[in-house]
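Good morning, and thank you for coming. I would ask you to look at the sequence and the model first, and then to follow me through the fold.

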Amino acid sequence: MGAVQLTGLDGLQKRIQAAIDSNPDRRREMHERIAERLLDKVQGEIGGSGRIAGMQEAAVGSGGGYAAVRPRRGKDRTGYAYGAITNAVENGHSIRRPSGFAKGYRARIRKRYVLGRHFYAKSRTEALRVALDEAGKWADEIVRTLRG
């Protein structure tokens, strides 16, 4: 029975790792670009007047290892936290039922809750596409370095 022997994989692995390590800020830069592109996508999914979209921010991990879009810290002018407002719009929320004490009163409200917009969930597939696109660009850059 024949055998196949591969040699040089350790050397290739070391060259790839050296190419990655040669520019340590490259990973952070890639995640910053991913975060900005995702922020644009999430804000586009939110739509509306821009109030909720303006509450979102792009974030990158302290080590440059992840990208995220999340509500800014702080509160709006009514005293509600941006995160609470975003959560209510993302997932939906209930509506206070009218008391209806007056004789002949008939409530105009016909539903018990507001449906969520799910803009984060809708952006997840785009997040994967953006990450793969940026990773492909980085892989092309590593190949150019190895061919160097």
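**Overall fold**

The protein contains four helices and four strands; both are DSSP runs, numbered from the N terminus, with helices being H or I of at least four residues and strands E of at least two. Please note that this is a predicted model, in which local features need pLDDT of at least 70 and side-chain atom pairs count only at pLDDT 80 or more, while totals for chains, interfaces and linings use all residues. Residues are numbered from 1 along each chain as its sequence is written, and side-chain values use heavy atoms, with hydrogens and water left out.

Along the sequence, the order of elements is α-α-β-β-α-β-β-α. The radius of gyration of the protein is 25 Å, well over the 15 Å that the globule rule gives for 148 residues, so the protein is more spread out than a compact globule. That radius is taken over C-alpha atoms, and the rule is 2.2 Å times the number of residues to the power 0.38. Along the principal axes, the C-alpha atoms fill a box of roughly 90 × 45 × 20 Å.

How much of the protein counts as buried? The share is 22% of the 148 residues, where buried means under 20% relative accessible area, with a 1.4 Å probe and protein chains only. Of the contacts with a separation of 6 or more, 60% are between residues 24 or more positions apart; a contact means heavy atoms within 4.5 Å.

**Helix 3**

Let us turn to helix 3, residues 82-91. Its buried residues are Tyr82, Ile85, Thr86 and Glu90. They cover an arc of only 130° around the axis, which puts them on the same side of helix 3; the arc is that of the directions from the helix axis to the C-beta atoms. In general, an α-helix has 3.6 residues a turn, so residues three or four places apart point the same way. The cover over these buried residues of helix 3 includes strand 1 (56-60), strand 2 (67-71), strand 3 (92-94) and helix 4 (119-147). Just after helix 3, Gly92 adopts a positive phi of about 90°.

**Helix 4**

Which residues does Ser123 touch, not counting residues up to four places away in sequence? Ser123 lies in helix 4 and touches Lys41, Val42 and Glu45. Ser123 is buried, with a relative accessible area of 4%.

Definitions and conventions: Buried means under 20% relative accessible area, exposed over 50%, partly exposed in between (1.4 Å probe, protein chains only).
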